[in-house]
Amino acid sequence: MKIHEYQAKAILSRHQVPVPRGEVALTPAEAAEIARRLGGTVVVKAQIHAGGRGKGGGVKLARSAEDAERVARDMIGMTLVTHQTGPAGRIVSRVLVEEGLEIRRELYLGLVIDRSTRRPVMMVSSEGGVEIEKVAAETPEKIFKEYVHPGTGFVPFQGRRLSFALGLQGAEVNKGTRLMTAVYEACIATDASLVEINPLVVTVAGDLLALDAKMTFDDNALYRHAETRELRDLGEEDPLEIEASKYSLNYIRLDGTIGCMVNGAGLAMATMDIIKLAGGEPANFLDVGGGASAEQIRNAFKILMSDRHVSAVLINIFGGILRCDVLAQGVIAAVRELGVPVPIVIRMEGTNVEEGKRLLKESGLNFATADSMDEAAKIVVSLANSGSRAARC
């Protein structure tokens with residue numbers, strides 16, 4: 001789950017991470033009042049779940065309360081397009097008004113889970129204010145890392161080592177160490193899967209502050225954090241992804257035309273890869289889970305068919321906990337109820353596969369079947385390229 005910048009800063013501030021003074025505004029009048037309280041120059045920042053806001057016109061300086069009101073009036077309600085939103089953009093419903101700072105340096109700090117080592121890793125770079133992916137690709141030697149043992153947590157010598165790597169000096173080293181320790185504590189306390197501060201700034205006065213902040217949280221741990229769940233902004237999420245979450249389905253919409261239904265994230269990734277190798281484009285990532293029921297399969301079909309770009313569906317299932325006969329029953333029931341208007345290709349293997357194939361064959365419905373992933377991908381790409389959304393089953 002993602003949250004807005006102002007929400008992330010509130011969480012970090014509670015854990016003693018220094019952040020600029022600021023408040024969120026829902027109207028231009030609120031923005032003006034906040035600017036008066038802060039005094040002097042302020043920064044008005046659009047609040048959407050995407051990066052690159054500055055380049056899209058979503059971050060602007062305001063020299064007075066009246067100026068802040070004008071900027072907020074232009075920004076609230078606008079469709080902000082960045083490299084992360086795609087061409088459709090996101091509608092801005094609120095802005096963060098923050099005090100202006102005299103900045104001497106811009107740095108980068110991030111804390112994520114490294115799956116290869118199964119440990120949190122603190123990353124810093126002197127190249128703040130730019131995309132870390134660009135730094136990693138062009139100047140990887142400027143990224144410094146410290147892996148954190150879960151038994152000891154982030155210890156002071158690691159903070160000092162990273163501070164020195166950033167070129168911090170004197171009192172800045174201790175400030176940097178305290179800030180990194182606080183970031184780690186905030187991450188662990190909230191079950192965050194990502195904390196990113198870009199940029200982390202050093203002011204002319206020698207203070208370190210999180211000028212920007214991004215946090216995402218482990219969905220599987222949200223049951224422990226009712227206060228974090230309340231921060232979810234459904235307006236920033238895809239409606240189909242919201243609908244899928246109601247049925248414990250993992251769904252992500254993509255830009256292609258071939259709907260994918262699989263059980264298991266690894267199989268989902270492999271299925272999308274093989275579709276692309278066959279010349280097609282996946283329309284989604286949809287993992288029904290290892291123990292999906294016939295009801296979940298019906299709901300999954302309903303979500304797939306809500307995407308008008310889907311012109312064919314590939315079902316790729318390895319029957320373990322989810323038996324192939326249960327899958328077949330769910331697919332047959334869903335097609336009969338929903339009248340799925342696109343061709344369906346089914347490849348399944350595993351427990352009760354022969355029974356599943358028998359049920360599909362005797363259903364009287366026009367399913368296409370395949371024995372291998374490669375064969376299934378070629379069939380579904382061909383059907384997607386030649387078909388249209390008309391009654392097929």
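**Exercise 1.** Work out which strand gives the most to the lining of the largest pocket in this predicted model.

*Solution.* Start with the terms: on a 1 Å grid over the protein atoms alone, a pocket is an open set of points where a 1.4 Å probe fits, with protein on both sides within 12 Å along at least five of seven lines, and lining residues have an atom within 4 Å of a point. Helices (H or I, at least four residues) and strands (E, at least two) are DSSP runs, numbered from the N terminus. Next, list the elements that supply at least two lining residues each: helix 8 (239-246), strand 13 (250-253) and strand 15 (284-287). Strand 13 comes out on top, with four residues.

Residues here are numbered from 1 along each chain as its sequence is written. This is a predicted model, where local features need pLDDT of at least 70, side-chain atom pairs count only at pLDDT 80 or more, and totals for chains, interfaces and linings use all residues; side-chain values use heavy atoms, leaving out hydrogens and water.

**Exercise 2.** Find which residues lie nearest the centre of the largest pocket.

*Solution.* Take the 34 lining residues, then pick out D219, E237, E241, Y251 and I252 as nearest the centre.

**Exercise 3.** Say how far to trust the model, using its mean pLDDT.

*Solution.* pLDDT is the predictor's confidence in each residue, from 0 to 100. The protein's mean is 90, and 97% of its residues reach 70 or more. Now check residues 388-393, where pLDDT is below 50.

Note on methods. Contact = heavy atoms within 4.5 Å.
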